[in-house]
Amino acid sequence: MEAPALALEGVAVDRAEVPVVHDVALEAAPGEVTVVLGANGAGKTTLMDGIAGLARVKSGTVRLGGTAIERLAPYKRARAGLGYVEQARTTFRTLTVEQNLLVSQRGDGDLATVYRLFPELDKRRGLQAGHLSGGEQQMVVLGRALVSAPKVVLIDEMSLGLAPLVVRRLMTTVGELAGMGIAVVLIEQFANLALDVGTSAHVLRKGRIVFSGPCAELRGDERRLHRLYFGGAPSAGGPRSDGAEPGGAEGAEPGGATPPPAEREAR
Ligand SMILES: Nc1ncnc2c1ncn2[C@@H]1O[C@H](COP(=O)(O)OP(=O)(O)OP(=O)(O)O)[C@@H](O)[C@H]1O
Ligand SMILES: [Mg+2]
């Protein structure tokens, strides 16, 4: 494994003065997908916001290519090579596909790379993004992160609301991003799809890392994942496996979501 492109040590992040993320250590290597899993409300987005500068890192260090960035403004972190595909990020609907990419372009960022990864977008360069399918819009959102030529890309639940087939297609691209030498940090509700494309995994529960190890160790082990997500013995409402419908609430985290209907439960 190469030296980490992103390295966190003892990171704590608050939300509205409430401690949410505690003492997180995590590394992401170039050319690899590092998966971050956890139930609704576990603190995944808060952690990503802390890395990107949208939430304040209260203590600990965030290093990008060896340089501490946890006190930099978000745009400076982006300029230093950090791309962030935020949860529920959308396109500029009235701009064309190409305009969406151009407004995010920076440095060595290359639209041709995006069109190569997403031939669907190549064919629709002149179309308003609002007219694209949900999957194609997510491709534009990913493309916008790529045209800033990032060294590290954080992707927070890009599968939200998309059909499983489309999610699989996007996962293939995530693997290709890593293949280009980018360090990808992937948060995903479809745990198995993420574990298939990932190298190492971290599971967050109540803002703390409860597992760090190879993805292979968790792949297909629904019971273990469930225990890691919620603690205790397996019951209804575990991590979502591929093939289930996305978009619903999952899990029985205290203060969190209601358990999903039976047909959405993990196998
Ligand atoms: N802006 C906010 N102000 C106050 N509390 C917040 C805010 N955003 C999130 N929280 C709280 O922080 C905790 C972690 O939320 P977060 O969104 O980071 O979890 P998550 O793991 O990303 O969940 P999900 O899987 O639903 O996206 C939750 O208890 C949530 O209620
Ligand atoms: Mg989230």
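Start at ligand 1: select it and show what surrounds it. The shell holds 13 residues, a residue being near a molecule if its C-beta atom, placed from the backbone, lies within 6 Å of it. Closest are Arg 15, Asn 40, Lys 44, Thr 45 and Thr 46. You are looking at a predicted model, in which local features need pLDDT of at least 70 and side-chain atom pairs count only at pLDDT 80 or more, while totals for chains, interfaces and linings use all residues. To find your way, residues are numbered from 1 along each chain as its sequence is written, and chains are lettered from A and ligands numbered from 1 in the order in which they are written.

Now colour the shell by residue class: four are nonpolar, seven polar and two charged. Here Ala, Val, Leu, Ile, Met, Phe, Trp, Tyr, Cys and Pro count as nonpolar, Asp, Glu, Lys and Arg as charged, and the others, Gly among them, as polar. Which element gives the largest share of the shell? That is α1, with three residues. Both β2 (18-28) and α1 (44-52) supply at least two. These labels are DSSP runs, numbered from the N terminus: helices are H or I with at least four residues, strands are E with at least two.

Select β1 (residues 6-15) next. Seven bridges join it to β2, and Leu 6 stands opposite Ala 28 there. Two residues lie between the strands of this hairpin, and Ala 16 takes a positive phi near 50°. Six bridges join β1 to β4 (residues 57-64). Across that pairing, Ala 7 stands opposite Arg 63, and Leu 8 has Val 62 as its bridge partner. While you have side chains on display, remember that in a regular strand they alternate between the two faces of the sheet.

**The six-stranded sheet**

The next stop is an open sheet with mixed pairing and the order β6-β7-β8-β3-β9-β10. Its edge strands are β6 (82-85) and β10 (208-214), each pairing on one side only. From one strand to the next, the twist averages 15°. Zoom in on β6 and β7 (residues 152-156), which run parallel with four bridges; Leu 82 has Val 152 as its bridge partner.

Bring α1 back into view. It packs on this sheet, touching β3 (33-37), β6, β7, β8 (183-187) and β9 (200-205), where contact needs C-beta atoms, placed from the backbone, within 7 Å. The direction of α1 makes about 150° with that of β7. Such angles run from 0 to 180 degrees between N-to-C directions, with axes fitted to C-alpha atoms, for helices over the stretch in contact. Helix α10 (residues 222-230) also packs on the sheet, touching β9 and β10, at about 45° to β9.

**A pair of helices**

Finish with α3 (residues 97-104) and α6 (residues 134-146), whose axes come within 8 Å and cross at roughly 30°. That makes α3 roughly parallel to α6, the term for angles under 35 degrees. To see the contact, select Val 97, Asn 100, Leu 101 and Ser 104 of α3 with Val 140, Gly 143 and Arg 144 of α6. These contact residues divide into three nonpolar, three polar and one charged.

Note on methods: Angles under 35 degrees count as roughly parallel, over 145 as roughly antiparallel, 65 to 115 as roughly perpendicular and the rest as oblique. Two residues are in contact if their C-beta atoms, placed from the backbone, lie within 7 Å. Two strands pair if DSSP finds at least two bridges between them.
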